[in-house]
Amino acid sequence: MKFSHEDLNLHRDTLRAGKTVTQVLVGMGTCGIAAGAKTAFQSLKKSISENALQVEVELKQTGCLGLCFSEPTVEVKSVNGTSTVYGNVDTAFAERIVKEHLSTGIALSEHVYETPAADLFDPEAEPLKQKRIVLRNCGFMDPEKIDEYIAREGYAALSKAIATMTGDDIIEELKTSGLRGRGGAGFPCWQKWGFSKDTDSDQKYIVCNADEGDPGAYMDRSVLEGDPHTVLEAMALAGYTIGANQGYIYIRAEYPLAIERLNMAIEQAKERGLLGQNILGSAFSFEIELRLGAGAFVCGEETALLASIEGKRGMPIPRPPFPSVKGLWGKPTVINNVETSANIPMIILKGGAWYAEIGTASSKGTKVFAVTGKIKNSGLIEVPMGSTLREIIYDICGGIEGGKRFKAAQTGGPSGGCITAGFLDVPIDYESLQSIGSMMGSGGMIVMDEDDCMVDVTKFYLEFTVDESCGKCAPCRVGGRTCYDILDRITKGLGEPDDIQKLTDIGHAMRKASLCGLGQTAPNPVMSTIKYFEEEYHAHIHDKKCPTGKCKSMVTYTINDLCIGCRLCARACPVDCIAGEAKELHLIDQSQCIKCGLCFDNCKFEAIDRT
Amino acid sequence: MIELEINGIALNVEPGTSILDAAKMVGVNIPKLCYHSDLEPWAACGICVVKVEGSPKMLRACATNAAPGMKVITHDPEIVTVRRTVLELILSTHPNDCVRCPRNRNCELQTLAEEFGIREIPYDIRIRDIPADTSTTSIVLNPKACIACGRCIKVCQDMQGVWALEFLGRGENTRMAPAADATLEESPCIKCGQCSAHCPVGAIYEKDQTLDVWGALQEDDKHCVVQIAPAVRVAIGEAFGMEPGELMTGQLYAALRRLGFDAVFDTNFSADLTILEEGTEFVKRFTGNGVLPQITSCCPAWTDYMEKYATDFIPNFSSAKSPQQMLGAVAKTYYAEQSEVKPENMYVVSVMPCTAKKFEVSRCETMDSSGFQDVDIAITTRELARMIKQAGIDFKGLPAEEADSLLGVYSGAGTIFGVTGGVMEAALRSAYYLITKEDLEDVNFMDVRGLEGVKAAEVDIKGTKVRVAVAHQMGNVEALLDQIRDAREKGLETPYHFIEVMACRGGCIGGGGQPHGATDEIRMKRTAGIYSDDEKSVTRCSHHNPMITKIYEDFLGEPLSHKAHELLHTDYKERKVYKK
């Protein structure tokens, strides 16, 4: 049935009435499924039926809860509103959840996700570090059921806009909200929409950039898998605002679950008259189709993305003209990324002023970060703009793994720079990150500890951008490769005195003369590590030493007199290059040693020297 | 008009003017590498970067249009340093093996390196280790020298619509080659050579056959005959530092004699012959319900394109051979008889503005109509210039000489074959006569002249309307063909009766074998040179060329005679777009 405005509201009211059963939610994003969520789900289902709890308990899948380190995760929401999140749920524990928790109503004390879960699920908990706008539905509803989205204010913004607002009203609301693009550059969203709206054209397009490609970033995937309708709703809002009737979601083919759920969502929305012809009975029509990308990182750059949709090789072209004026097939095209889109329905519904209260003076709202690396609780978090790195790392994510010393965090993925300990208390927003040599990027955050070699890490990022350079412009194509070669030499102990100067020269030329964001930002890791960790470069280049021992070519393992001949190291050695009888001093055959460090890690007597 | 400031100098420019062009107006030539005025800015190289007030990054002058109130800085120490670093990076992927390069002393990268005073390249040299593609008889593609500027691909795809070249690989492995790693010979390549004409370095160049020519000239028992195409005479001077368009016909004849050729002929003669055959063919089709439109076939790149991409037009193609092939055929038959030289001892060299002509000499069996390969070898204008230099001939200072009779005598109609619209104009001059038996008062058909991509005109031949169209630059032809297809499908009368197509922009004067650096400005000058040759010709119509009359009387009989068919006509067949 196709809804009118009234139908939608009535339907929502019906859905909301009578929710009185205990809910068991299993996080079934790609991440959860990979960790075994399907098995957990089946075990729960079987056990619930065996224990005849089908009536009292509603079992359902949901999107990613963001607790990556403890997947599969299962949340039990009791009728009285209390919530318990269990992590690492296997078959046996799933059965226990049913038999013990669900049958008795008393939560288990094991596998419980402790702090900082509290502020995630209990709005009253203090201090409230996280704030969920983008991820408001992820982990709360079944993404494959449009009714669950509708029950959670879904399509209310679209209904409100069509019924009561003009395109200019919407743009004004976005302007008040201060929403900026979450794809990296932070361009004000209202301006993009405004340019497209004000450009006369027989045809306009809305494109959702779901070509998430930064290593370690998966916030867009989580939104698409956990809350696909919010993206559709935002695109329809954009279409209504600028006068477009066709939208494309450019999504990488490596996201099969997101694709499946988006397709499902589009179908469901069309059935309800929330997409397609005459949306909610109005004159506004809007179709959405998916376009699958083959996985080139550069296709996240908007002009390359458009070329790819047009069936051409994904290579950037110079801007201006910007796509909002001359985009897909030469027509005005609004391109928003997934996270940006997920904010929009809430802004329309609650008002720009509400949104503008969150965040800093220049950066409004929240930001989702995918926190990975040497962090205790890695996962997906959403914090207000202006939160500090310390809050993210220590308060939300539980600090550094193994109690080691924090060294740096890389934001913005391979396009960003590192933030050092000295900046742990800087409120994070677009401008502050830029001023300390990094960037917001799409929100990947990789945490490094004292064991990480910054030259090696930089090489890792360069390897990625070199690999992903489209090859069009010379500064990026050749500059990136040349920087990588220099870094590779340095990490092999073959650095030369003028290497830092060369890196800086190339980095500067790449920033200034590369055609697109990929090349312009590719040297950021180089420039920022040289800025903050120059002494590490000097150690590699001049002393031929890697202070952390990560650069294997420069490390030698030797056995000293403290060796008691316990054989632990010899047994650990994967290449059998440690010789020596039991209870006698052992010896490492340097010609065979692969410098893996297992002997060093296994020795209990400090008998192995790493130099 | 848009008002902006460049280096503090205020100026007004038309909307749509790039910073690069605006800067020229205030006397600044911003260094550039990948940009070419024939192409939409591809913005790859990063050399032409400038600062624009308010922009944190530098912008590409080629691809950024002037905007009101814009304040541009075209050079300061930082900009120059960035440009130098980018140049050094590009040079670190280039062999820098200038003395062995076909573009030595004529290379845009070399020039930039000289201007920037590059004395060493601070970065490790990494050169693609991919062998050169020598599969075609026309052009060589050497990936080692390629700087990935993208010009050849834009030319092949956008200007020519051929799509033989594509970007393969990505990042540092990006290279220009036929799709799916086919060789050029296996690819849709039509051998027009526009890629080689636009390549800023020596990564795509004509297959040099000058050693073969020297070899033939050295053989005592070889009677070496040479012909020069119309467009060569107005461009070869550029290779000797002269202005484009300078008419060097007499000096060319003289230089060719000094090189050792036994007979010096002119393709303009056989262009006149082509008009008699093709013009008669047209009149026959037009007055006798033949397949219309008739489409010209003198351009071998166009012929190759049609045989791959537009085979539905095979019946429309004039069966008349190109002037190059006609001259070869009559040289090894008629001239051989006259001069008592055995055709097997005769070696016919043609000097062409074109790389596809190298392919045409053995295009199909009919190219051997004399019983031998009618034209033994075709060299380009660029190759001939090198031979003249090797011989130490002071080309500029040579006294003009005449061509040998009778295959060296031509009308103004023959010479205009070298420009777009020229074949059509020449054909119309004679068609008028063939239909009405009267001569035109004004032989100039201005509507078919000029650089517009497709030109159409209606010609009144004593009350009979002949609709003609002229297309040049291969990428412009599809739209024209579609117009005809459309009418054909709807059963309507054909929109045109006669169509001329030339693969290169401007016609042969802009050919892929001409001296490097052609732009529209240069094409216009070469074109002017051709028309001046036409205007000063004693006869301006092919049918009035006395030697044409003579060859028909002596040898061929009449146009479209049996003998003419045997020697001067060819046929076409469908060819695979990809042989691989």
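How many bridges join strand β1 (residues 2–6) of chain B to strand β5 (residues 71–73) of chain B, and in which sense do these strands run? In this predicted model, two bridges join them, and the strands run parallel. Across this pairing, B:Ile6 stands opposite B:Val72 in β5(B).

The pair belongs to an open sheet of five strands in chain B. Strand order is β2-β1-β5-β3-β4, and the pairing is mixed. At the edges lie β2 (9–13) and β4 (59–60) of chain B, each of which pairs on one side only. Helix α2(B) packs on the sheet. There α2(B) touches β3 (49–52) and β5 of chain B, and the helix direction makes about 150° with that of β3(B).

In general, the strands of a sheet pair through backbone hydrogen bonds, in either the parallel or the antiparallel sense. B:Ile2 stands opposite B:Val13 in β2(B). The two strands form a hairpin with two residues between them. In this hairpin B:Asn7 takes a positive phi near 50°.

Strand β13 (residues 346–352) of chain B pairs with β14(B) over four bridges, in the parallel sense. B:Met352 has B:Thr380 of β14(B) as its bridge partner. In a regular strand, side chains alternate between the two faces of the sheet. Strand β14 (residues 377–380) of chain B can be read in this way: B:Ile377 and B:Ile379 point one way, and B:Ala378 and B:Thr380 point the other way. All four of these residues are buried.

Chain B as a whole has 18 helices and 17 strands. The radius of gyration of chain B is 25 Å, close to the 25 Å that the globule rule gives for 580 residues, so chain B is as compact as a globular protein of that length. Along the principal axes, its C-alpha atoms fill a box of roughly 75 × 60 × 50 Å. Buried residues account for 55% of the 580 residues of chain B. Of the contacts in chain B with a separation of 6 or more, 74% are between residues 24 or more positions apart.

Chain A contains 25 helices and 17 strands. Its radius of gyration is 26 Å, close to the 25 Å given by the globule rule for 611 residues, so chain A is as compact as a globular protein of that length. The C-alpha trace of chain A spans about 85 × 65 × 40 Å along its principal axes. Of the 611 residues in chain A, 55% are buried. Among contacts in chain A between residues at least 6 apart in sequence, those joining residues at least 24 apart make up 72%.

One helix pair in chain A was examined. Helix α3 (residues 37–50) of chain A packs against helix α4 (residues 91–104) of chain A at an angle of about 35°. The axes are 8 Å apart, and the crossing is right-handed. From α3(A), the contact residues include A:Ala40, A:Leu44 and A:Ile48. From α4(A), they include A:Ala94, A:Ile97 and A:Val98. By class, the contact has six nonpolar, four polar and two charged residues.

The two chains touch each other. In this interface, 28 residues of chain B are in contact with 28 residues of chain A. On the chain B side, helix α2 (residues 77–91) gives the most, with five residues. That side divides into 14 nonpolar, nine polar and five charged residues.

Some backbone details fall in loops. The peptide bond from A:Arg319 to A:Pro320 is cis, with omega near -5°. A:Pro320 sits in the loop between α13 (302–309) and β8 (333–337) of chain A. In chain B, the peptide bond from B:Ser405 to B:Leu406 is cis, with omega near 0°. B:Leu406 is placed in the loop between α12 (381–390) and α13 (412–415) of chain B.

Positive phi values also occur in loops of chain B. B:Asn96, a residue other than glycine, has phi near 50°. This residue lies in the loop between α2 and α3 (108–115) of chain B. B:Asn96 is partly exposed, with 16 other C-beta atoms within 10 Å. B:Asp181 has a positive phi near 60°. B:Asp181 belongs to the loop between β8 (175–177) and α5 (194–198) of chain B. With 12 other C-beta atoms within 10 Å, B:Asp181 is exposed.

Terms used: Residues numbered from 1 in each chain as written. Chains lettered and ligands numbered in written order. Predicted model: local features only at pLDDT ≥ 70, side-chain atom pairs only at ≥ 80, totals over all residues. Rg over C-alpha atoms; globule rule 2.2 N^0.38 Å. Buried ≥ 20, exposed ≤ 12 C-beta atoms within 10 Å, placed from the backbone. Contact = placed C-beta atoms within 7 Å. Nonpolar A, V, L, I, M, F, W, Y, C, P; charged D, E, K, R; others polar. Axes fitted to C-alpha atoms, helices over the stretch in contact; angles between N-to-C directions. Left-handed = near helix turned anticlockwise from the far one by under 90°. Pairing = 2+ DSSP bridges.
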